[in-house]
Amino acid sequence: MNPKELFRLAQRDTPSFIESAFYMRPDAGGQLVPYRLWTVQRRFLNDLAEWSKSGQVWVVCVKARRLGITSATQALAMAHLLTEPNYQ
């Protein structure tokens, strides 16, 4: 995918953008692999997108361990940093 296609994808479907553009290194010194969202991460990101349609949203997330919510939130923040001018 070229950069313009990735930018358009980020605007309409952030979870798919994250899976298309982001890589992770699961083990120290290991190979880079595509970042694949788990079902719970995708649902969390889709819920955030739905809630934010009404404006700025504050989310307090009481979360279970090992669901990857922190990783998904970091990926979302990076996606916004890369695609939205003056994102703060």
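## A tour from Arg 36

Start by selecting Arg 36, which counts as partly exposed because its relative accessibility is 47% (buried means under 20% relative accessible area, exposed over 50%, and partly exposed in between, with a 1.4 Å probe and protein chains only). You are looking at a predicted model, in which local features need pLDDT of at least 70 and side-chain atom pairs count only at pLDDT 80 or more, while totals for chains, interfaces and linings use all residues. Residues are numbered from 1 along each chain as its sequence is written, and side-chain values use heavy atoms, leaving out hydrogens and water.

Stay with Arg 36 and show its surroundings. Arg 36 sits in the loop between strand E2 (33-34) and helix H3 (39-52); helices (H or I, at least four residues) and strands (E, at least two) are DSSP runs numbered from the N terminus. Leaving aside residues up to four places away in sequence, Arg 36 touches Glu 19 and Gln 41, where contact means heavy atoms within 4.5 Å.

Next, select helix H2 (residues 14-21). Is H2 largely enclosed or open? H2 is largely enclosed by the rest of the structure, because six of its eight residues are buried. Pick them out as Thr 14, Pro 15, Ser 16, Phe 17, Ile 18 and Glu 19. These buried residues pack against H1, H3 and helix H4 (69-83).

Then bring in helix H1 (residues 3-12), whose axis comes within 6 Å of the H2 axis and crosses it at roughly 145°. Leu 6, Leu 9, Ala 10 and Arg 12 of H1 meet Thr 14, Ser 16, Phe 17, Ser 20 and Ala 21 of H2. The axes are lines fitted to C-alpha atoms, for helices over the stretch in contact, and angles run from 0 to 180 degrees between N-to-C directions.

Finally, zoom out to the whole protein. Its four helices and two strands follow the pattern α-α-β-β-α-α along the sequence. The C-alpha trace spans about 40 × 35 × 25 Å along its principal axes, and buried residues make up 27% of the 88 residues. Among contacts between residues at least 6 apart in sequence, 46% join residues at least 24 apart.
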